[in-house]
Amino acid sequence: MATTFDLDDVKRRMQGAINAFKHDLGSLRTGRASPSLLDPIQVDAYGSLMPITQVATVSVPEPRLLSVQVWDRGMVAAVEKAIRESDLGLNPQTEGQVIRLRIPEMNEQRRKEMVKVAHKYAEEARVAIRHVRRDGLDLLKKLEKDSAISEDDAKRQGDQVQKATDHFVAEVETLLVAKEKEIMHV
């Protein structure tokens with residue numbers, strides 16, 4: 001079986017790292033209500049752990065309020081317990097099948113902690129992108145060694161891989177700066 005190099009595959013994998021980074025940033029608390037804030041929460045429902053979005057609808061009626069509409073009346077207590085036990089520090093208030101979550105103001109220290117977490121996520125994304133670059137360059141070296149492609153083609157495609165890497169790392173930086181600004185905004 002002949003192995004070939006596909007730059008689009010490398011770019012797709014790098015984009016996957018960006019998408020994971022965006023998802024991680026979405027789950028960071030910024031002082032404003034966001035439905036993605038509850039994404040990491042797993043509810044013990046029907047004998048297994050399920051994401052909260054599979055047992056309830058999460059909406060944002062006000063900028064500092066989340067509303068969780070639980071579909072099954074019997075699941076309200078389980079959803080409330082899962083939110084209470086999460087590390088988000090939110091205090092659920094239940095009214096029938098609706099759970100309301102007030103998002104408290106974050107103090108300066110908490111904001112700085114969130115920025116540090118965002119930086120950690122950014123570094124993980126940069127490392128993932130560099131791993132994809134390394135895999136692509138290793139494949140090019142292997143193909144060149146096996147005489148499947150010429151030295152010039154390997155160099156040219158290696159340069160394209162590096163350009164893609166630079167582009168995606170710059171995108172990580174742009175997203176990080178925007179999230180940092182959002183977190184520090186009072």
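Residues are numbered from 1 along each chain as its sequence is written. In this predicted model, local features need pLDDT of at least 70 and side-chain atom pairs count only at pLDDT 80 or more, while totals for chains, interfaces and linings use all residues, and side-chain values use heavy atoms, with hydrogens and water left out.

**Exercise 1. Determine how the axes of α1 and α4 are arranged and which residues make the contact.**

Step 1. Helices (H or I, at least four residues) and strands (E, at least two) are DSSP runs, numbered from the N terminus. Two packed helices are described by the angle between their axes and the distance between the axes.

Step 2. Helix α1 covers residues 7-26 and helix α4 residues 151-184; their axes come within 10 Å and cross at roughly 10°. Axes are lines fitted to C-alpha atoms, for helices over the stretch in contact, and angles run from 0 to 180 degrees between N-to-C directions.

Step 3. Therefore α1 is roughly parallel to α4 (angles under 35 degrees count as roughly parallel, over 145 as roughly antiparallel, 65 to 115 as roughly perpendicular and the rest as oblique).

Step 4. Contact means heavy atoms within 4.5 Å. Among the residues making it are L7, M14 and F21 of α1, and V161, F168 and L175 of α4.

**Exercise 2. Compare the reach of α3 with its expected span.**

Step 1. The expected span is 1.5 Å times one less than the number of residues.

Step 2. Helix α3 (residues 108-145) has 38 residues, for which 56 Å is expected; from first C-alpha to last it reaches 55 Å, close to that value.

Step 3. Just after α3, S147 adopts a positive phi of about 60°.

**Exercise 3. Explain why β4 (residues 65-70) is described as largely enclosed.**

Step 1. Buried means under 20% relative accessible area, exposed over 50%, and partly exposed in between (1.4 Å probe, protein chains only).

Step 2. In β4, 5 of the 6 residues are buried, so the strand is largely enclosed by the rest of the structure.
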